[in-house]
Amino acid sequence: MSFYHGALETISREDLESLQLERLKELVDRALKTDFYKEKLKQKGINSGSDIKSLKDIEKISFTSKNDLREAFPYGLLAVDKKDVCRLHASSGTTGIPTVIYHTKEDINTWTGLLSRSLAATGCSSDDVIQNMMTYGLFTGGLGVHYAAEELGMMVIPASSGNTKKQITMLKDFGATVVHATPSYLLHLYVKLEEAGIKPSDLKLKKALVGAEPHSEDVRLKIQELYGMDVYNSYGLSEMNGPGVAFECEEKNGMHLWEDSFLLEIIDPETGEVLPEGEEGELVLSTLTRQATPLLRYRTRDLTRIIPGSCSCGRTHRRLARIKGRSDDMLIINGVNVFPSQIEEVIMSLKEMGNNYQIIVQKAGALDKLIVKTEVTAEVFTDDTRDLEKLKKKIVENLSASIFIKPVIELHESGSLPVYEGKAVRVFDER
Ligand code: ADP
Ligand code: ZN
């Protein structure tokens with residue numbers, strides 16, 4: 001087991017909570033310096049960090065939403081002098097106008113530290129070569145991991161996303177042992193490797209760090225099996241720096257959320273009420289350490305829960321379960337609530353399935369129609385049509401049993417559905 005900052009990673013609950021309280025007070029003091037929070041906090045009777053007496057006092061503070069960040073654009077959330085800002089990043093804008101986060105030099109160092117511990121937790125070391133296939137630029141995936149990998153002494157190939165041919169050439173030439181990518185891209189890359197006649201055993205890959213989009217356990221297992229490598233789940237969002245918020249350790253059983261930097265709450269997305277530990281709800285985070293852009297009780301819209309109990313790796317920071325999706329990803333089809341992740345779980349658990357799929361919802365008279373387009377493996381696709389009909393029937397049955405909706409299934413040839421360089425876009429609500 002390799003630790004980057006052992007003392008902090010294995011800190012006792014008691015010490016962690018007193019560190020969090022001290023940092024929460026400092027966070028409130030920083031927030032009071034911003035135009036955005038000044039009034040909001042004062043209205044609640046909070047005029048200084050010393051008005052916060054316990055961690056529970058955070059519940060007196062209102063939530064911050066993505067919309068608030070847009071309203072505070074461009075500098076309403078800046079808590080430091082502009083000359084102390086050394087970089088900005090922005091979200092990829094999946095759900096609208098991107099939001100901007102500023103960082104001081106210290107913020108970048110803190111972020112790098114959090115990601116260094118994350119990479120070390122998956123067993124990465126200076127013996128490794130990492131091909132970083134996440135986009136470099138305003139998006140946080142590229143540069144974030146880049147700095148941490150360098151910090152650990154890894155050899156970094158700043159490949160960025162896309163250009164699959166070149167990615168393959170670099171994998172062969174430089175022998176990356178680790179890749180950092182979205183899970184959907186690794187599934188696509190595999191199809192291209194096969195087309196080029198390259199077997200994973202011709203490469204040196206040992207592990208993949210995957211994140212930036214929801215994916216099921218079956219997708220992890222599939223990537224592990226296809227490539228013969230370990231796959232670790234990485235969670236983050238640009239509002240909380242980017243990757244390095246929560247990361248799986250070698251146990252691969254939930255993602256340790258670095259609680260010395262992020263104060264976590266799970267709330268009922270409907271009522272805003274804080275839920276008891278272990279219940280599923282929306283993740284709310286506060287930036288305990290960030291200087292330039294302090295955020296209090298930021299509603300991530302991501303649905304998850306805390307995994308109870310301790311992890312055998314020795315890290316004491318609590319673990320998040322795989323993200324089920326965003327609260328706004330939920331589809332209501334003929335009155336039934338469905339998360340795309342539930343559909344993915346069913347289709348990706350079938351061995352005949354290929355590496356890509358799409359979910360389409362249309363109006364059909366007074367009702368809604370769910371169409372699932374899914375790629376199937378090359379062997380299955382060349383089979384006779386009776387087998388394909390049988391397979392369709394099986395998918396319909398499995399999906400109906402899981403989501404209580406009877407979908408229309410379309411089977412497609414491997415590699416024929418569209419792929420995206422960044423986050424996969426797989427849901428099309430055409431109603
Ligand atoms: P945007 O909100 O524009 O997509 P980001 O690029 O900051 O902005 O993406 C962060 C979001 O990506 C998270 O809030 C979450 O919804 C999703 N995400 C990131 N990592 C994971 C992961 N490991 N599993 C599921 N979803 C993830
Ligand atoms: Zn662990």
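Modeller: Two strands count as paired if DSSP finds at least two bridges between them, and we shall keep that cut-off in mind while reading this model, which is predicted.

Colleague: In which sense do strand β3 and β5 pair?

Modeller: Strand β3, made of residues 129–132, is joined to β5 over three bridges, and the cut-off asks for at least two. As an example of how they face each other, Gln131 stands opposite Val179 in β5. The sense of the pairing between β3 and β5 is parallel.

Colleague: What are the edge strands of the open sheet of nine strands?

Modeller: The order of this sheet, whose pairing is mixed, is β4-β3-β5-β6-β7-β8-β9-β14-β13. An edge strand pairs on one side only, and the two that do so are β4 (155–157) and β13 (306–307).

Colleague: In the open sheet of four strands, which strands stand at the edges?

Modeller: The four strands follow the order β10-β11-β12-β15, with antiparallel pairing. The strands at the two edges each have a single partner strand, so one side of each is left without a neighbour in the sheet; they are β10 (262–267) and β15 (325–326).

Colleague: Which geometry does the site of the zinc ion (ligand 2) have?

Modeller: The protein donors are Cys249 (SG), His256 (NE2), Cys311 (SG) and Cys313 (SG), lying 2.1 to 2.3 Å from the zinc ion. Four donors count as tetrahedral if all angles lie between 85 and 135 degrees. The angles among the four donor atoms here are 103 to 116°, and the site is therefore tetrahedral.

Colleague: How many residues apart in sequence are the parts that His256 and Cys311 tie together?

Modeller: The donor residues of the zinc ion are spaced C-x6-H-x54-C-x1-C in sequence. His256 belongs to strand β9 (residues 255–257), whereas Cys311 sits in the loop between β13 and β14 (319–320), so the parts tied together by this pair are separated in sequence by 55 residues.

Colleague: Which handedness does the crossing of α10 and α12 have?

Modeller: Helix α10 (residues 340–348) and helix α12 (residues 385–403) pack at an angle of about 145°, their axes being 10 Å apart. The crossing of α10 and α12 is right-handed.

Colleague: Does Phe404 count as buried or exposed?

Modeller: Phe404 is placed in the loop between α12 and β20 (408–413), and its phi is positive, about 60°, although Phe404 is not a glycine. Most residues other than glycine have a negative phi. The relative accessibility of Phe404 is 66%, and the limit to pass is 50%, so Phe404 counts as exposed.

How values were computed: Residues are numbered from 1 along each chain as its sequence is written. Chains are lettered from A and ligands numbered from 1 in the order in which they are written. This is a predicted model: local features need pLDDT of at least 70, side-chain atom pairs count only at pLDDT 80 or more; totals for chains, interfaces and linings use all residues. Side-chain values use heavy atoms; hydrogens and water are left out. Donors are N, O and S atoms within 2.8 Å of the metal (3.2 Å for Na, K and Ca); water is not among the atoms, so sites may look incomplete. Four donors count as tetrahedral if all angles lie between 85 and 135 degrees; four count as square planar and six as octahedral if opposite donors are over 155 degrees apart and all others between 65 and 115; anything else is irregular. Axes are lines fitted to C-alpha atoms, for helices over the stretch in contact, and angles run from 0 to 180 degrees between N-to-C directions. A crossing is left-handed if the near helix is turned anticlockwise from the far one by less than a right angle, and right-handed if clockwise. Buried means under 20% relative accessible area, exposed over 50%, partly exposed in between (1.4 Å probe, protein chains only).
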